Amino acid sequence: MYDQDEFLMRLALAEAVLGRGSVEPNPMVGAVVVREGRVVSVGHHARFGGPHAEVVAMERAGDASRGATLYVSLEPCCHTGKTPPCTGAILKAGITRVVAAMTDPFPRVAGGGLEELRRHGLEVSVGVLEDEARRLNAPYLKRLVTGRPFVTAKWAMTLDGKIATATGDSRWISGERSRAIVHEIRGRMDAIAVGIGTALADNPQLTARPAGPRIAARVVLDSAARLPPDSLLATTARDIPTWVAVTDKAPTDRLTALEGQGCEILRFPGDGSIPIASLLDELGRRGETNLLVEGGGRTLGGFLDAGEVDAVEVFLAPILEGGHPVHVPAIGVGVGTMNLARRLERQEVSVLDGDVWLRGEFPHTWLEAPRV
């Protein structure tokens, strides 16, 4: 059966997606103004610090906002931040009904925006397509609840599960279309992480080409500070942030050399591997919302063992390597029995010139709607 509220909220959610990569650490938000059953205007939050979706949609609607219904994918804000409160703009525009997909858990809003609208006599509905809205802004919600960025793991592998040959060669497993999508993904990330093994083997730049809406900081998990000062990551550190995560076993002379190139050192206590939870806490304190983990196997295995992989982007190429499994996507402790393996949900599968592109997310308690 046709549900008008759901149909129009899907339009608001589709509009919200247009802000991906440009609005973080703010959430993606879309809005639709409807009057007498007709869509008058749409709008979305297009850039961090810019006007919010509701204001954009109402300004486009003009006088047609009076007496209209506003559909919005997230509760309107009721506080002054980089822009004035949206609730005031809604009241001034003459909107008479507001339909929100979900409340905003941000402490300065947290239901207060909807309550203010109700106090002024507006009809307010909340919860239309809430699950879809929460999934859309999963990175925003994770950072609010846990203080840590949303972690996406990405890798390309052969049909027999290899990310490189026994000699370490990995260029190229996936095809051109797959690699172009990887660059699109990089272009909306706040940070990209690799282990020192990958940094030494590939000497990567970890940049988006062409550039996307964001320039990601490069994070190297390098407990002993083995990153060469003449590597591409180090020599470009004054142009693109390069953060080298080390432990107490990193020699002072190596740290000095990397700092001389413009790298920033993230120090963690101990002489073992980089503690994943502590690293994510630090990235969260720096305002990072989205982290892409590109490998290698021990780094991804460490994130998996810590339970800190939220989503995957996997490219499966129609080729067989055939050798001993030296280089595989994840080398961690793992689980003892297969029934304990984590299962993706809401998977999406596409075929790109023969490559299979699999996307999916893991379920998390912080993604669930709060009980009322």
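Q: In this predicted model, does Glu 294 count as buried or exposed at 13% relative accessibility?
A: Buried means under 20% relative accessible area, exposed over 50%, and partly exposed in between, with a 1.4 Å probe and protein chains only. Glu 294 has 13% relative accessibility, so Glu 294 counts as buried.

Q: Where in the chain is Glu 294 placed?
A: Residues are numbered from 1 along each chain as its sequence is written. Helices (H or I, at least four residues) and strands (E, at least two) are DSSP runs, numbered from the N terminus. Strand β11 covers 290–293 and helix α12 covers 297–305. The place of Glu 294 is in the loop between β11 and α12.

Q: With which side chains does the side chain of Glu 294 make a polar contact?
A: Local features need pLDDT of at least 70, side-chain atom pairs count only at pLDDT 80 or more, totals for chains, interfaces and linings use all residues, and side-chain values use heavy atoms, without hydrogens or water. A polar contact is a donor–acceptor pair of N or O atoms within 3.5 Å, where residues adjacent in sequence count only through side-chain atoms on both sides. Another, at 3.4 Å, is to Lys 154.

Q: Which strands stand at the edges of the nine-stranded sheet?
A: The nine strands form an open, mixed sheet in the order β10-β9-β8-β7-β11-β6-β12-β14-β13. Each edge strand has a single partner, so one side of each is left without a neighbour in the sheet. The edge strands are β10 (264–267) and β13 (345–352).

Q: Which residue in β8 stands opposite Ala 193?
A: Two strands pair if DSSP finds at least two bridges between them. Strands β7 (residues 191–195) and β8 (residues 217–221) run parallel and are joined by five bridges. Opposite Ala 193 stands Val 219.

Q: Which element supplies the largest share of the lining of the second largest pocket?
A: The second largest pocket has 34 lining residues, and those nearest its centre are Arg 20, Arg 135, Leu 136, Glu 348 and Glu 361. Among the elements supplying at least two residues each are α1 (4–17), α5 (130–136), β6 (150–157) and β14 (355–361). The largest share is four residues, and it comes from β14.

Q: How far apart in space are Leu 255 and Val 244, C-alpha to C-alpha?
A: Leu 255 lies in helix α10 (residues 252–260). Leu 255 is buried, with a relative accessible area of 8%. In sequence, Leu 255 and Val 244 are eleven residues apart; in space, their C-alpha distance is 9.1 Å.

Technical notes: 1 Å grid on protein atoms, 1.4 Å probe; cavity = no way out; pocket = protein on both sides within 12 Å on 5 of 7 lines; lining within 4 Å.
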